[in-house]
Amino acid sequence: MEFLENKTVLITGATGFLAKILIEKILRIQPNVKKLYLLLRAADETEAKKRFYNEVIEKDLFQVLRKKWGANLNTLISEKICLVPGEISLSQMGLKDSIWVDEMKNQVEIVINLAATTHFDERYDVALDTNTIGVEHVVRFAKECRNLKLLVHVSTAYVSGERDGVILESSYKMGESLNGVKGLDIEEEQAIVADKLKQLKENGATEEFVTQTMKDLGLERANLYGWPNTYVFTKAMGEMTIGDLKNDLPLIIIRPTIVTSTYKEPFPGWVEGVRTIDSIIVGYAKGKLTCFAAGTNSSLDLIPADIVVNTMIMAMAAHEDQPSDQTIYHVGSSARNSMTHIDLQRFSYQYFTQKPLIDKNGKAIKLGKVTLFNSMAKFHRYLAIRYLIFLKGLEFANIAFCHSFQDKYVDMRRKFNLVMRLFELYRPYLFFNAIFDDTNTERLRNDIRNKDTNEAFVMDPKDINWEDYFMNIHFPGLVKHVIR
């Protein structure tokens, strides 16, 4: 907390999930922070202010801060927060004509890059611009900050791809691939995207077709070099970019695993949107998910969002005490307190059969146990018997009856293809057999254990009882803040 006093910080991606929790934490525990510059995607300051209040301050997350400060909260915000319209995918982060540029370059001491697109099958042009090229723009801006003490980049532990075993807290070299295929070059990736977009435009492609083509291109390029999806591929290239450009810039890289609702701060169970495993939980709770494929003993590496934020702050403070060129921190649970998909299935069944959701007719949704397949081969066989045979019959009937069932067939085929695409996207995480080494993060935890800051900075996943967390924190929070 002392570390944050009188500090000037620039945070990118300020409306994101982790960024909101970080902003709330700083204002709550250290209101004597000097200034928080928050970069938001917006055309001007009016739009930036509207987004900030609608998407950040007015969220339930800030209820503790609102209660603490009351009518004085707006004064605190106006004194400590400066909203900066910008866009990291643009040159100079879109700040070329901003009135804040010189001030930030003179005053900012810490840059925290939280801007990212996290969709697994994002359009390749969008993901590349934000997760890779955007990182280059952040690094170049950070190097122009005259009083900069530290750059913090938030990545993902899953830049490791689908490797088994123990994944170390080590960096990636520019051009390195996961499968040994040579030739990975970021400028070439940009050229491939530009050429494809030009070709699509010349051919008069619809926006829907362009979007799907860009999504397919991202998966194709990721798979070529050994990554399972566009998100982790572009995040890995983002890390490579930092390593290539930073020179002597002091750097911390935070690699969280699957981020879930808050464990304790500012209150248990705050979550926003359907995040990764929550799509599975919500699908089951609504009675739409009756079968599933996952490794029965595969690790489900989860970490509550407030623990990630606490780790970020402690890592920054530790760097001030013992500066280093670059340190990477894995923030997850697989090395200390792992759980499995079987656990998640059991917890979900217990909770949503005891406290079922109510359907649109006002009736409780009745649930059974999910049929779990421990291999994709078995899952595919089940789907073939259960759905593909019916689809094939519907196709023949459609032809025989002069396409009378055309709309029904097309709709069912589309839904089936969508489900299969989603399972292929999630497959690497459903059968994940690696453990993320967290030696550097454990050093921070040991430092915490030796200081009287345990309540303010909960960091240890060993403290979590996963059954209690899901039954009394995550599921209720998901129902309250997301499903409603």
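How many cavities of 30 Å³ or more does a search of the whole structure find? The search finds two. This is a predicted model, where local features need pLDDT of at least 70, side-chain atom pairs count only at pLDDT 80 or more, and totals for chains, interfaces and linings use all residues. Residues are numbered from 1 along each chain as its sequence is written, and side-chain values use heavy atoms, with hydrogens and water left out.

**Terms**
- A cavity is a set of points, on a 1 Å grid over the protein atoms alone, where a 1.4 Å probe fits but cannot get out; lining residues have an atom within 4 Å of a point.
- Points are joined across faces, edges and corners, and a volume is the space filled by probe spheres set on them.
- Helices are DSSP runs (H or I, at least four residues), numbered from the N terminus.

**Largest cavity**
- Its volume is about 140 Å³.
- The lining includes Ile 280, Tyr 284, Phe 292, His 341, Gln 345 and Ser 348.
- Two elements give two or more residues each: α10 (277–285) and α12 (341–354).
- α12 gives the most, with five residues.
- The lining has nine nonpolar, three polar and no charged residues (nonpolar: Ala, Val, Leu, Ile, Met, Phe, Trp, Tyr, Cys and Pro; charged: Asp, Glu, Lys and Arg; polar: the others, Gly among them).

**Second largest cavity**
- Its volume is about 60 Å³.
- Among its lining residues are Ile 258, Thr 276, Ile 280, His 341, Tyr 426 and Tyr 429.
- α10 and α14 (406–430) each supply at least two lining residues.
- α14 has the largest share, three residues.
- Seven lining residues are nonpolar, two are polar and none is charged.

How values were computed: On a 1 Å grid over the protein atoms alone, a cavity is a set of points where a 1.4 Å probe fits but cannot get out, and a pocket is an open set with protein on both sides within 12 Å along at least five of seven lines; lining residues have an atom within 4 Å of a point.
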